[in-house]
Each structure stands twice: as structure tokens, then as C-alpha cells.
Amino acid sequence: MTGPEVINAESRQAMRNALKRIQDGEYAKMFISEGATGYPSMTAKRRNNAAHGIEIIGEQLRSMIAVDRCQQDRRQSQELSRELDRKTRPWPRFFVWAVASGIKLHRLRPNPRPRHLSNFSHRCKVLSMSERPDEPNQAPDAESLLPIDEHVEEGHDAEGRKVRHRGIYLLPNLFTTANLFAGFYSIISSMSAQAALSAGDGAGASRYFAFAAIAIFVAMVLDGLDGRVARMTNTQSAFGAEYDSLSDMVAFGVAPALLAFGWALGDMGKVGWMVAFIYVAGAALRLARFNTQVGTADKRYFIGLASPAAAGVVAGVVWAFSDYGIQGSKMSFLVALLVAAAGMLMVSNIKYNSFKELDLKGRVPFVAILAVVLVFAVVFSDPPRILLLVFLAYAASGPVQYLLRLRRHKKAE
């Protein structure tokens, strides 16, 4: 099967001339100058040489390129859009006449985009998108029933490519929400205890103070679970980390400070609320520093006393003494020293053991489960006093280990 000869001596010479002009930069200069005026001469030359063999081959090649088809689809969709606009243009006049005539009109939802237009845009979009198919970059629906935008979080996959995730993980954030609720309940109980004290109900106030302290310990358990659940189920996210920090600020920063202030520090006046603020500021700074050192700090140690441990010290003191009916006003100075020390230890550089090297998923000797049962039995024999002793010992372990290391360092010198 034969056809007309397209590549001949004349076309070869034209190709050589065109290549030389490309190498000399003549085409680049002409393209820049033509672009400023809308490419008039290039369009005219293409129209005049439409019957040339090279131009015919180029047209066939351009029709095979998806990007060029995309441009054609865009032009066709624009023409269809203009046609639809022309067809719907008389409607505004009708609305003006109807309103003037007293006819009641209902607001209609705008007509959805025609399917053929969406197909054109989709074919063009696929060529330029680099996102994963299971996580499309879709804009939030303007017609959503709730005025809340969908959470979109950027991250990296196993190969280091940037991906976007829509939504949040439910399971770990349920524990974080429960942690937040426990802290909020502790604040409400502290306020109820102060109201009972103002009414002269000492027994009711002691009961509410105990509820507030117990809620803080419950928040500690939930705070320990949310992170472990996220790691075990591989549902860690930046949203979960920030949400956990905010919940910790409420449960282990604000709630213990209000508990101590309502139980003992309130009778000290300005000194009392200043001490309470020192604790709140220490908790906030501790959490902020922890978030910035997540990827660099040694996981075996906490830098500074952890906020849950500091909250355990404060809540343990209130629970242990109020359980015996002892009023905090009789030991305000001691409580102030303890609360201020807890706040300062949180922002210190003293190292505390994090116990994160414990392998809870591996096999352990049988005697380990017996030890766990013994610990539960001891704690539940007298929870307020046992928990207070445990957290006091942990808070004191950091300074003691620091002094021992300092002493060994001086002996080595």
C-alpha cells in the first residue's frame, strides 16, 4: 500500500532550516514577541500551510495527545456553558415581573453541572493530579447541612510522597474526648465543693473534692490509653497529638490548679491564686515543650515532671486529706509549697523515667501477672493514700537521681 511521498528533499531542507532557527533562538524570540499580541502571524502561517504534508502530520500527532484533547474539551465545555447561559438568560426578567406581581417564589437549588461538562473537566484533571486515587482533593460541599469544613491533613506515605487524608480517626480520639470530659467534670466538682463550703456543708464539700480528685486519676488512665491505642492500631495523626495536648491542659493543668485553689489556696488571697497560676503556666509550658521535642528527645526519659504525674501529686493530697475530713485551710502553706514545686518541676530539665521501654505485647514470666495482682490489691486497699505515696515517690525520684548523678560526676573529677 503506497501513498504520496511526504518526507522528500524539500521537507528535509525545511527541517534543517527550522532546526537551525531553533538553535539560534530565533523561534524563542519570535514566540515571546508573538505571545504579547496573541500570536497573529503564527496563526496565519499555520492557516496558510494547512495543506503542507508536515502540517498534516503535525495535526494528526496533536490529535493523539491527551493534553490537546483536554484543551479541546475545555473549549467545547466553555461553548456549552455559554449556550446554557444564553438559554437561561430570560429568567431574571421573569423573577422581577413575578415579584412585582405579588407571586410568591421559592428559592430553588441551583441546577447541577451537566454531566458532560463534568466528564470534560474530569479527563483534564486526571492528567495533572498527583494525589492518590483513594484520597481525592475535593472541595467541601457548600450545601452541607452542618457549617463545618471537613478536616484535611497532609502527611507522607511509606515512599515519602506527600498525601492528603480526609477525616480523623475515631477510636483514639474517643479516649482523648473521655479524658477531656474527666477534666471538665473535675472542674465542675471543684466549683460544687466551693459552693458547698460557702453554704456551710463541710461533708458535702469533702465529697465533691473527692469526686474532683478521682476524676483527675480517671483522666490519667484515659490519657495513657489513647496514645497506646493509636500506636497499636496505627492511627496516629497530627490532629490526635494536638487534641491530646489540649485535653491534657484541661485535665492536668487547669483542673488540678482549681482543685487546689478551692480546697486550700483560696484562703491565702492573692498568694493562693498566684501559686495556682504558676502550676497552670508550668503545665502549659511543659506540654508545649514536649510537643516540640517529640522526634528528638530520648523516649526513655521525660524532660521535667510529666503533667499527669504532677496532677497526681496535687489530686492525691486533696483526696487523701479530704477523705479524713481535714480542711485545706489548715494546711494552706504546705499545699502552696507542694503545688508550686510541682509546677516548677514540670518546666525543669530534670530527667524522669518514662517506662516506655516496657514491652507490654511480649511474653513475660508467669510471676509478672502475680505481681500485677498484688499491685492492684495494695492500691485498692487504700486508694487515696497509696496513690499519693506513689506519685510523691515518682516526683521525688527525679531530683534524687539528679543529685546522685551530680555526686558521681564530682567523684569522677
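## Exercises on aromatic pairs and helix packing

The structure, a predicted model, holds seven aromatic pairs.

**Exercise 1.** Classify the geometry of the aromatic pair formed by Phe355 and Tyr394, and state where in the chain each partner lies.

*Solution.* Begin with the rings: the centres of Phe355 and Tyr394 are 6.2 Å apart, and the planes stand at 40° to each other. Plane angles under 30 degrees count as stacked and those over 60 as edge-to-face, so the pair of Phe355 and Tyr394 is tilted. Finally, consider accessibility: with a relative accessible area of 43%, Phe355 is partly exposed, while Tyr394, at 17%, is buried.

**Exercise 2.** Determine whether the rings of Phe376 and Phe380 are stacked or tilted, and describe the setting of the two residues.

*Solution.* The ring centres of Phe376 and Phe380 lie 6.3 Å apart and the planes meet at 15°, so this pair is stacked. As for the setting, both Phe376 and Phe380 sit in helix 14, with a spacing of four residues, which is about one turn of the helix. Phe376 and Phe380 are, moreover, both exposed.

**Exercise 3.** Describe how helix 11 and helix 13 are arranged relative to each other, and identify the residues that make their contact.

*Solution.* Two packed helices are described by the angle between their axes and the distance between the axes. The axes of helix 11 (residues 270–292) and helix 13 (residues 332–346) come within 8 Å and cross at roughly 20°. Angles under 35 degrees count as roughly parallel, and helix 11 and helix 13 are therefore roughly parallel to each other. On the side of helix 11, the contact is made by Val275, Ile278, Tyr279, Gly282, Ala283, Arg286 and Arg289, and on the side of helix 13 by Ala336, Val339, Ala340, Ala342, Gly343, Met344 and Met346. Sorted by class, this contact comprises 10 nonpolar, two polar and two charged residues.

**Exercise 4.** State how many helices and strands the protein chain has, and what share of its residues counts as buried.

*Solution.* The protein chain has 15 helices and four strands. Of its 413 residues, 28% count as buried.

Notes:
Residues are numbered from 1 along each chain as its sequence is written. This is a predicted model: local features need pLDDT of at least 70, side-chain atom pairs count only at pLDDT 80 or more; totals for chains, interfaces and linings use all residues. Side-chain values use heavy atoms; hydrogens and water are left out. Axes are lines fitted to C-alpha atoms, for helices over the stretch in contact, and angles run from 0 to 180 degrees between N-to-C directions. Angles under 35 degrees count as roughly parallel, over 145 as roughly antiparallel, 65 to 115 as roughly perpendicular and the rest as oblique. Contact means heavy atoms within 4.5 Å. Ala, Val, Leu, Ile, Met, Phe, Trp, Tyr, Cys and Pro count as nonpolar, Asp, Glu, Lys and Arg as charged, and the others, Gly among them, as polar. Rings of Phe, Tyr and Trp (its six-membered ring) pair if their centres lie within 6.5 Å; planes under 30 degrees apart count as stacked, over 60 as edge-to-face and the rest as tilted. Buried means under 20% relative accessible area, exposed over 50%, partly exposed in between (1.4 Å probe, protein chains only).
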